[in-house]
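This report describes how the chains of one model are arranged and then turns to selected local features. The sequence and structure are shown here for reference.

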Protein chains: 2
Amino acid sequence: MKNQLVIYNTLSRKKELFIPLVEGKAGLYVCGPTVYSDTHLGHARPFITFDLLFRYLLYSGYQVRYVRNITDVGHLENEAEESGEDKISKKARVEQIEPMEVVQKYVNTFRRNMTQLNVLPPGIEPTASGHIIEQQQYIDSILQKGFAYEVNGSVYFDVEKYNKLHHYGKLSGRNLEDVRSNTRKLEGQDEKKNPFDFALWKKASPEHIMRWPSKWSEGFPGWHLECSAMSKKYLGEVFDIHGGGMDLVFPHHECEIAQSTASQGKEAVRYWMHNNMITINGQKMARSLGNFITLDQLFSGNHEMLDKAWSPMTIRFFILQAHYRSTIDFSNEALQASEKGLERLMAAIDTLEKLPASGNSTVDVKGLKEKCFAALDDDLNSPVAIAHLFDGVRMINSIAHGQEQIDSAGLDELKSLFKVFVFDVLGLFRETQESTENDGLLKGVVDFLLNLRIEAKTRKDWATADKIRNELNSLGIEIKDTKEGFEWSLKG
Amino acid sequence: MKNQLVIYNTLSRKKELFIPLVEGKAGLYVCGPTVYSDTHLGHARPFITFDLLFRYLLYSGYQVRYVRNITDVGHLENEAEESGEDKISKKARVEQIEPMEVVQKYVNTFRRNMTQLNVLPPGIEPTASGHIIEQQQYIDSILQKGFAYEVNGSVYFDVEKYNKLHHYGKLSGRNLEDVRSNTRKLEGQDEKKNPFDFALWKKASPEHIMRWPSKWSEGFPGWHLECSAMSKKYLGEVFDIHGGGMDLVFPHHECEIAQSTASQGKEAVRYWMHNNMITINGQKMARSLGNFITLDQLFSGNHEMLDKAWSPMTIRFFILQAHYRSTIDFSNEALQASEKGLERLMAAIDTLEKLPASGNSTVDVKGLKEKCFAALDDDLNSPVAIAHLFDGVRMINSIAHGQEQIDSAGLDELKSLFKVFVFDVLGLFRETQESTENDGLLKGVVDFLLNLRIEAKTRKDWATADKIRNELNSLGIEIKDTKEGFEWSLKG
């Protein structure tokens with residue numbers, strides 16, 4: 001491997017050197033979306049965070065098996081209390097369509113949004129409803145080990161019994177007494193031995209649409225189960241990295257640890273990684289809190305809290321400019337700063353392409369490169385890596401202005417660094433260039449017009465020259481006169 | 001409903017008026033891709049054909065539940081003989097990745113290609129591997145009715161027994177003796193009562209990767225079963241329309257009829273629709289024949305048989321210019337003709353936007369509209385509908401040249417007809433406009449340049465005027481002088 005990646009493991013609460021289970025291979029499981037509504041900015045963060053990890057592992061030479069699930073069943077309205085309707089069934093009832101039509105609709109939106117954000121598709125994208133058998137087998141194994149019990153066709157995990165041998169709460173830093181005192185006992189939930197026991201299989205009530213046969217009842221699997229069953233199927237009993245949002249630490253990931261320990265006598269996950277939240281006015285952005293902005297709204301500017309549309313790459317850069325374990329507070333000002341920063345970065349890459357090589361070098365490209373990768377090796381510290389990139393931007397501009405020199409080998413290395421780091425690892429792309437097919441044509445026409453302007457100036461036809469400049473300006477094109485003639489760019 | 005759609009029913013071998021099971025609702029099931037390789041031109045045809053049907057049903061006011069599956073398991077190499085490896089497992093072995101990584105890779109390509117072709121996503125896109133329980137339940141029901149038998153952990157459909165009460169071969173126009181004489185008896189298949197019996201459940205051999213537990217064995221479902229099980233789950237025991245390529249009539253759809261009749265005592269499908277094949281030098285284009293061109297190759301021009309790249313809309317228009325029950329022979333010449341035809345159509349729509357309304361009308365828009373929709377009502381006769389649209393193109397051009405007049409109401413109707421028919425129903429779009437963001441800017445710059453040219457002409461500066469024309473021509477922009485000034489377009 002090229003690098004020495006260190007990861008903050010939520011379980012050990014410290015940074016650990018990443019040593020994969022099998023040399024050269026990395027198994028990665030990330031909790032995917034529950035598809036019952038449009039994807040919002042808060043959702044974008046985990047998928048960009050773990051896309052950065054995925055890209056960095058690939059860059060580092062690992063063969064990565066990346067599994068990111070789609071939760072299309074079993075996620076109840078009141079998560080903590082395990083009551084209420086299935087979120088997808090409820091949406092289907094409200095919109096009067098089949099639950100699977102709800103799933104398809106929002107999966108389509110999610111995938112489109114991820115493509116816009118340049119988030120690479122995972123290698124496997126399994127659905128919870130597509131793995132009912134595997135979940136039932138998992139329940140069987142827990143029942144056999146005595147850590148679950150069946151009541152009235154439902155099966156619950158016996159937290160108290162488990163906690164006698166293992167520590168329920170180890171990931172979130174709780175103990176069972178904390179959990180006990182924070183769990184409400186609800187009417188109609190008397191069938192559980194303890195209110196903090198969680199469902200592995202729920203018998204479906206008559207109005208529940210999504211249901212499958214089982215030896216216990218016609219019903220559906222508990223939400224926590226799908227990730228244990230699907231990660232085992234595609235990554236094995238023990239695998240390298242499990243990622244997700246910090247809000248999933250308890251109860252979701254805590255329950256995953258309990259399930260795998262109960263089922264197989266050992267934990268499944270070696271490194272737990274959790275990204276922090278996006279806040280808005282200091283509060284977590286969440287559908288349940290009603291303070292969210294969807295990605296489509298961000299990209300179109302169509303939301304009362306938005307000053308303007310913010311492009312997918314601006315959003316991506318904005319998220320990468322914070323360390324994944326810090327909160328990010330949403331604001332138009334912060335997005336504006338990200339947009340400007342990204343423009344500077346891309347402009348420097350343009351300049352880099354045209355830099356002249358000198359006989360000797362006054363800049364330290366090797367040192368720059370080492371710093372960039374050292375930052376990512378340090379628990380994916382993307383903001384520090386980006387700060388080093390901006391040192392590179394200053395380096396490029398100094399060379400362009402003749403204040404520094406670079407030799408031919410150094411220039412190649414600098415180009416390669418920016419290409420690899422910005423495009424492949426950070427996953428940014430040049431939005432205007434890549435999204436337009438007619439750019440070549442536009443360039444031809446504008447260049448021709450600016451040559452006409454030079455001719456007009458040559459024959460001292462100032463009126464025509466000014467007219468061309470003013471018209472192009474009004475169309476959003478900025479013109480810079482240079483020794484060689486002109487340069488132009490689209491206004492930001 | 002607005003229209004009186006007539007459909008050619010493969011089962012009855014005649015055109016029948018489409019009367020849905022439930023008024024105002026249409027249930028549609030289409031056989032989707034087996035995802036073990038890139039999507040080729042031959043695959044594009046069924047999905048464009050049934051996209052036209054889906055769009056036309058939506059236009060006609062139906063609430064459509066459109067289900068198109070993804071075959072990700074159970075499709076063996078030698079279909080007719082039910083032997084060999086699973087196609088996806090084989091690919092996984094060859095590429096040394098998990099079968100589900102193969103699935104994901106090619107599903108991603110398929111979805112991208114469908115988006116490029118403007119094929120609307122179906123309402124539900126179920127996978128075979130995600131419906132193992134439903135398929136097992138289906139097998140149980142056939143076993144209970146006595147039309148299947150278990151041998152060594154596999155379950156086979158008893159075709160001979162079924163044929164004593166029902167007609168096996170009714171869809172494809174065969175009888176059992178035809179089938180018998182065309183089926184080879186293979187070594188190692190002795191466990192079947194008859195070589196033409198087909199598998200409902202296959203016990204997995206030790207090296208078979210994709211397997212699930214069942215009461216019969218660890219194994220996997222037979223290919224024909226998934227469509228019966230998933231259509232029943234999402235559309236009910238009996239539903240309106242089942243579509244697919246003509247190559248699926250036997251054995252796939254024949255077996256579906258046998259399965260549903262055996263399981264539930266009645267057939268599931270009311271209208272069977274089959275599109276014909278795309279041929280290349282007179283031979284069916286198929287992966288197994290090695291004579292295919294992938295969609296990505298078509299869109300990029302990167303294939304020795306291609307003169308150039310053909311855009312997604314050219315491909316779509318090419319396919320719609322033939323009736324879905326006719327063969328289409330691939331050739332560069334035919335694609336060239338489609339490209340030109342599509343350009344003429346789009347140019348006419350531009351002209352239409354600028355047409356002046358007169359006090360009276362000499363053209364029959366109502367008659368044109370009726371003919372267009374009558375053609376689609378006649379078993380989706382898109383080539384006839386497109387021929388009528390070209391009558392409309394001539395109408396538009398005659399009005400533009402002052403040879404005909406149209407009044408304001410007629411003009412509104414004509415605009416609406418073209419918009420609805422071309423964009424919504426045929427699903428075409430303007431590729432240069434929709435795919436480029438800088439078109440507005442380009443238009444601004446070119447318009448400015450052409451205005452400079454008019455000013456040059458006004459002051460009799462012919463050199464400048466010619467220079468502008470020549471430069472724009474060489475950049476691929478065609479200029480037409482008009483009474484109002486100018487028009488320009490990108491060369492095809």
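Through which surface do the copies meet: the same or a different one? The copies meet through the same surface, because 100% of the interface residues of chain B are also interface residues in chain A. This is a predicted model, in which local features need pLDDT of at least 70 and side-chain atom pairs count only at pLDDT 80 or more, while totals for chains, interfaces and linings use all residues. Residues are numbered from 1 along each chain as its sequence is written, and chains are lettered from A and ligands numbered from 1 in the order in which they are written.

## Relation of the chains

Two copies of a chain are related by a rotation about an axis and a shift along it. Here, chain B is superposed on chain A by a rotation of 180° with 0.1 Å of shift along its axis, at an RMSD of 0.4 Å. That is the relation of a two-fold axis. Gly130(B) has the C-alpha nearest the axis in chain B, 1.7 Å from it. The superposition is by least squares on the C-alpha atoms of residues with pLDDT of at least 70 in both copies.

The interface brings 33 residues of chain B into contact with 33 residues of chain A; two residues are in contact if their C-beta atoms, placed from the backbone, lie within 7 Å. On the side of chain B that touches chain A, at least two residues each come from α3 (99–116), α4 (132–144) and α16 (439–458) of chain B. Of the elements, α16(B) gives the most to this side, with 8 residues. Helices (H or I, at least four residues) and strands (E, at least two) are DSSP runs, numbered from the N terminus. By residue class, the side of chain B that touches chain A holds 15 nonpolar, 11 polar and 7 charged residues. Ala, Val, Leu, Ile, Met, Phe, Trp, Tyr, Cys and Pro count as nonpolar, Asp, Glu, Lys and Arg as charged, and the others, Gly among them, as polar.

## Domains of chain A

Chain A is assigned domain 1 (6–275), domain 2 (280–432) and domain 3 (437–490), with bounds that come from an automatic or database domain assignment. Between domain 1 and domain 2 of chain A, the C-alpha centres lie 33 Å apart. Their contact takes 25 residues from domain 1 of chain A and 29 residues from domain 2 of chain A. On the side of domain 1 of chain A that touches domain 2 of chain A, β1 (6–9), α1 and α3 (99–116) of chain A each supply at least two residues. The largest share of that side, 12 residues, comes from α1(A). Its residues divide into 11 nonpolar, 9 polar and 5 charged.

## Helix α1

Helix α1 (residues 41–59) of chain A packs with helix α10 (residues 312–320) of chain A at an angle of about 75°, with the axes 10 Å apart. That makes α1(A) roughly perpendicular to α10(A), a term for angles of 65 to 115 degrees. Ala44(A), Arg45(A), Ile48(A) and Leu52(A) of α1(A) make the contact with Ile315(A), Arg316(A), Ile319(A) and Leu320(A) of α10(A). These residues divide into 6 nonpolar, no polar and 2 charged.

In chain B, Ile48(B) lies in helix α1 (residues 41–59). Ile48(B) is buried, with 24 other C-beta atoms within 10 Å. The cut-offs are 20 or more other C-beta atoms within 10 Å for buried, 12 or fewer for exposed, and partly exposed in between, with C-beta atoms placed from the backbone. Apart from neighbours within four places in sequence, Ile48(B) is in contact with Leu117(B), Val119(B), Arg316(B), Ile319(B) and Leu320(B).

## Backbone features

Most residues other than glycine have a negative phi, and most peptide bonds are trans.

| Residue | Phi | Loop in chain A |
|---|---|---|
| Asp379(A) | positive, about 55° | between α12 (365–377) and α13 (382–400) |
| Lys460(A) | positive, about 60° | between α16 (439–458) and α17 (462–474) |

Asp379(A) is partly exposed, with 19 other C-beta atoms within 10 Å, whereas Lys460(A) counts as exposed, with 8 C-beta neighbours inside 10 Å.

A cis peptide bond joins Phe250(A) and Pro251(A), with omega about 5°, and Pro251(A) is found in helix α8 (residues 249–264) of chain A. In chain B, the peptide bond from Phe250(B) to Pro251(B) is cis, with omega near 0°. Pro251(B) is found in helix α8 (residues 249–264) of chain B.

Conventions
Axes fitted to C-alpha atoms, helices over the stretch in contact; angles between N-to-C directions. Parallel < 35°, antiparallel > 145°, perpendicular 65-115°, else oblique.
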